[in-house]
Amino acid sequence: MSTDTILSILNNVGIFAFAISGFLAAADKKLDLFGGLVIGLVTALGGGTLRDLLLNTEIGWISNVNYIYIGLGGGIAAWLFRSFISRLRKTLFIFDTVGLGLFTVFGLEKALSFEVDPTIAVMFAVMSASFGGVIRDTLCNDIPLLFRQEIYGTACLSGALCYLFLQSFGVPPRMNLLFSGLLIIGIRVLAVRFKLALPIVNTRMKKS
């Protein structure tokens, strides 16, 4: 099996897992089946769509309709097996985290292919991986996970910067993708495992 085939499979797994996480978020808000499928799709495809719109290029799910089918499949699977899947939230967290790592690096690679400034490319990378979740949380009337204490966007940022650093030393792209993606996954898993978080923004002055 070629490297590109493996990456394509992992990309599809990420879409599927993100769609499930989106559907479960909708279920927690007691939305109907249609609402759950919509939330699942925007979670899986929203970040990449926004990236492609800003890059003024063809949107991924328009050029490859299979992405929509995979996203819908994830939502339907979450609905049909919701009681079983609810017991596997820790497993789904792993899939979601793998997707986060992959989509960050895929987004960075795509932005760099358009010869944008590396700083902008890093922004696109974080957007690709996390803004589907931002749209999900916004539609579900929650503060987006990206802006809460959890180490989420910071993990994406770290992986994207690692990719640029290794690229400057001539590390082959696929090996670079592996190292940078694993860094994102590692940071996210360790942050959740040990309850690591960024400090809360607090504008209140302490009384003397």
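Which residues lie nearest the centre of the second largest pocket? In this predicted model, they are N11, R51, Y67, F103 and F106, out of 24 residues that line the pocket.

## Second largest pocket

The space in the second largest pocket comes to about 500 Å³. By residue class, its lining holds 10 nonpolar, 9 polar and 5 charged residues.

Five helices each supply at least two lining residues: helix 1, helix 2, helix 3 (60-63), helix 6 and helix 7. Helix 2 gives the most to this lining, with 8 residues.

## Largest nonpolar core

The largest nonpolar core has 35 residues. Those that touch the most other members are I15, A44, L100, F103, F106, L108 and L177. Two or more core residues come from each of helix 1 (3-28), helix 2 (33-54), helix 6 (89-113), helix 7 (118-139), helix 8 (153-168) and helix 9 (173-193). Helix 7 provides the largest share, 8 residues.

## Contacts of A44

With neighbours within four places in sequence left aside, A44 is in contact with I15, F18, A19 and F103.

## Second core

A separate core of 6 residues is also present; I20, F23, A78 and I85 are among its members. In soluble globular proteins, nonpolar side chains tend to be buried together.

Note on methods:
Residues are numbered from 1 along each chain as its sequence is written. This is a predicted model: local features need pLDDT of at least 70, side-chain atom pairs count only at pLDDT 80 or more; totals for chains, interfaces and linings use all residues. Side-chain values use heavy atoms; hydrogens and water are left out. A nonpolar core is a set of buried Ala, Val, Leu, Ile, Met, Phe, Trp, Tyr and Cys residues joined through side-chain atoms within 4.5 Å. Buried means under 20% relative accessible area, exposed over 50%, partly exposed in between (1.4 Å probe, protein chains only). Helices (H or I, at least four residues) and strands (E, at least two) are DSSP runs, numbered from the N terminus. Contact means heavy atoms within 4.5 Å. On a 1 Å grid over the protein atoms alone, a cavity is a set of points where a 1.4 Å probe fits but cannot get out, and a pocket is an open set with protein on both sides within 12 Å along at least five of seven lines; lining residues have an atom within 4 Å of a point. Grid points are joined across faces, edges and corners, and a volume is the space filled by probe spheres set on the points. Ala, Val, Leu, Ile, Met, Phe, Trp, Tyr, Cys and Pro count as nonpolar, Asp, Glu, Lys and Arg as charged, and the others, Gly among them, as polar.
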